[in-house]
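Please keep the sequence and the structure open beside them.

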Amino acid sequence: MDQVLYSTPDNPAPENRTEGYFETHDGRQLRYAVFRSGGQVAKGTVVILHGRNEYIEKYFETIRDLTAKGLWVATFDLRGQGGSPRLMKRRNHGHIRRFADYEHDLDTFLEKVVLPDTRLPFYLLAHSTGGLIALSAAPYLTTRIDRMVLSAPFIGLTGQAASPRVIRTLAGTLTALGLGFLPLTSKLKEPDFSDNPLTSDELRFDRNVAMMKAHPELTLGPPTARWLTEAFRTMDRVTSPNHLFSITIPTIVIAPTRDGVVPYTAQERLSRYFRAGQLVPINGARHEIFQERDIYRAAALAAFHAFIPGSDAEENQDVAALGT
């Protein structure tokens, strides 16, 4: 059997896991893994939804943090990235045909892997693009997901050479002309800690770069025009008051105030209409809060564990213990 997950010396894969591939509604094989806690009774399962150009290995440290608290973790690589098959012959292009495909994949993952193979109750931890997917799918997840934690959800764009308006216009024009498979730039920038917008932690930054160099097949280059157009359309829909009013799953939005990818102001604005959501600012942190320095990362984890599993899960745990 081919290797499913990869380890590096400074980023070993957690033990007590199941890994493999599940089939989507349209016949694609997506890579997944389930990590179990060492406790006799699990406090529930956290489903992690990744950001763009992320993969399971990047979350090994966070997975250990969660399983140490008695939670199971289930996660998968989004279609077209990580260890899941690419959608284009040019493997480095980040592409999607419809943003709804991400939601269908999440639904399939819950049905085929999470529901039969993990432990109730279910929670969602979603970062960046994963947060956008979670917001879009949330009205239909009410009977499955008890609570959500969104980390820097991708509801806006900043820190680019061109303005968001120009990027949106160019991407939309290319897509309308049937050229949505093209990226807006062909430049592949070498990761450089000095000007990165993701983290102020050099050790974690270097650890992630080492994984990228050891397994370049897991990484992506720039997104295509179609990917950007689909993302912008989804942003417009999920940030509308009507959509936010339809979400009833209790949610916290962990918002880094020095986010160089998603404007903090956009995350703050989201919370005004998000009746089920509460904003948790992490002052001084950059975009990838779970890859950040300990001072910021600990604050995010504290917010997570104060919110999850919550009192409902404690009651479920007591019932499960009585039944054993």
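**Notes on the predicted model**

1. Valine 262 touches Ala152, Pro153, Phe154, Ile155, Gly156, Thr158, Gln267 and His287, leaving aside residues up to four places away in sequence, where contact means heavy atoms within 4.5 Å. This valine 262 is found in the loop between S7 and H8, and valine 262 counts as buried because its relative accessibility is 0%. Buried here stands for under 20% relative accessible area, exposed for over 50%, and partly exposed for what lies in between, with a 1.4 Å probe and protein chains only. Valine 262 and histidine 287 are 25 residues apart in sequence, and C-alpha to C-alpha they are 7.3 Å apart in space.

2. On the basis of these notes: this is a predicted model, in which local features need pLDDT of at least 70 and side-chain atom pairs count only at pLDDT 80 or more, while totals for chains, interfaces and linings use all residues. Residues are numbered from 1 along each chain as its sequence is written, and side-chain values use heavy atoms, with hydrogens and water left out.

3. An open sheet of mixed pairing is formed by 8 strands in the order S1-S2-S4-S3-S5-S6-S7-S8, with strand S1 (17–23) and strand S8 (277–282) at the edges, each pairing on one side only. Helices (H or I, at least four residues) and strands (E, at least two) are DSSP runs numbered from the N terminus, and two strands pair if DSSP finds at least two bridges between them. Neighbouring strands of this sheet are turned against each other by 20° on average, direction ignored. Strand S3 (residues 45–49) and strand S4 (residues 72–76) run parallel and are joined by 4 bridges, and threonine 45 stands opposite tryptophan 72 in S4.

4. Which strands does helix H8 (residues 264–273) lie across? Helix H8 lies across strand S7 (251–256) and S8, running at about 160° to S7, whereas helix H9 (residues 294–307) lies across S3, strand S5 (122–127), strand S6 (145–151), S7 and S8, at about 175° to S7. Axes are lines fitted to C-alpha atoms, for helices over the stretch in contact, and angles run from 0 to 180 degrees between N-to-C directions.

5. In helix H1 (residues 60–68), the buried residues are Phe60, Glu61, Thr62, Ile63, Leu66 and Thr67, and they pack against strand S2 (29–35), S3, S4, S5, helix H5 (202–214) and H9. Threonine 62 counts as buried because its relative accessibility is 1%, and threonine 62 touches Phe290 and Arg297, not counting residues up to four places away in sequence. Glycine 70, which follows H1, has a positive phi near 90°.

6. The largest nonpolar core has 56 residues, of which Leu49, Phe76, Phe109 and Met148 touch the most other members; the largest share of this core, 7 residues, comes from helix H6 (residues 225–238). A second, separate core of 31 residues includes Ala33, Ile254, Phe290 and Phe304. A nonpolar core is a set of buried Ala, Val, Leu, Ile, Met, Phe, Trp, Tyr and Cys residues joined through side-chain atoms within 4.5 Å. Methionine 148 touches, among others, Leu124, Ile252 and Phe307, not counting residues up to four places away in sequence.
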